[in-house]
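Please work through the exercises below with the sequence and the three-dimensional view at hand, trying each task before reading its solution.

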Amino acid sequence: MGKERSLLGNLFLISVVTLAFETVVFRIFAFLFGYHFVSLLLALALLGYGVAGSVGARIPFFLKENLPGALGYSLVFFFLGLCLLPLDPYGLFLRPFSLLALGGMLLFTLLPFLWHGLVQVVAFEHFPRRFS
């Protein structure tokens with residue numbers, strides 16, 4: 001019972017962090033790209049959860065134990081990418097590496113949703129009766 005509460009508590013906290021991350025990224029994308037690119041975040045979140053559901057069953061168990069830490073690292077990578085990558089959406093085709101920087105930023109945005117989905121897969125695998 002203690003392990004179940006711990007995992008469900010972690011899942012709750014990670015869900016709150018991911019929701020807060022999504023809200024912050026909505027604001028950042030709206031500022032950087034204008035409001036017409038904000039729907040891109042929803043597409044990336046759904047892609048991350050879909051990839052997590054597809055890949056989650058094939059990951060060995062010993063890799064699944066460190067997923068909350070990987071979520072934290074992916075959040076750090078996102079904010080480092082935001083600070084270090086040169087993003088100018090209106091000059092995308094004028095500079096040679098702008099598309100590469102945009103692709104990196106989208107990958108860094110996708111990773112927290114992927115890790116959150118994998119944590120959900122682990123919770124579903126450990127306690128299937130709880131979620132049926």
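This is a predicted model: local features need pLDDT of at least 70, side-chain atom pairs count only at pLDDT 80 or more; totals for chains, interfaces and linings use all residues.

Residues are numbered from 1 along each chain as its sequence is written, and side-chain values use heavy atoms, with hydrogens and water left out.

**Exercise 1.** Find which parts of the chain are tied together by the aromatic pair of Phe21 and Phe79.

*Solution.* Begin with the search of the whole structure, which finds three aromatic pairs (ring centres of Phe, Tyr or Trp, the last by its six-membered ring, within 6.5 Å; planes under 30 degrees apart are stacked, over 60 edge-to-face, the rest tilted). Phe21 and Phe79 form an edge-to-face pair, with 6.4 Å from centre to centre and 90° between the planes. Then compare accessibility: Phe21 is buried at 4% relative accessible area, whereas Phe79, at 34%, is partly exposed (buried is under 20%, exposed over 50%, partly exposed in between, with a 1.4 Å probe and protein chains only). Finally, ring pairs link Phe21, Tyr49, Phe79 and Phe113 into a cluster.

**Exercise 2.** Determine which residues of helix 1 meet which residues of helix 2, and of what classes they are.

*Solution.* List both sides: Thr18, Glu22, Val25, Phe26 and Phe29 in helix 1 meet Leu40, Leu41, Leu42 and Tyr49 in helix 2 (contact means heavy atoms within 4.5 Å). Sorted by class, this contact has seven nonpolar residues, one polar and one charged (Ala, Val, Leu, Ile, Met, Phe, Trp, Tyr, Cys and Pro count as nonpolar, Asp, Glu, Lys and Arg as charged, and the others, Gly among them, as polar).

**Exercise 3.** Decide whether His116 is buried or exposed, and find its polar partner.

*Solution.* First, locate His116 in helix 5, where a relative accessible area of 4% makes His116 buried. Second, leaving out residues up to four places away in sequence, His116 touches Ile14, Ser15, Thr18, Tyr49 and Leu71. Third, the side chain of His116 makes a polar contact with the side chain of Ser15 at 3.1 Å (a pair of N or O atoms within 3.5 Å; within protein, one must be able to donate a hydrogen and the other to accept it, and residues adjacent in sequence count only if both atoms are side-chain atoms).

Methods. Helices (H or I, at least four residues) and strands (E, at least two) are DSSP runs, numbered from the N terminus.
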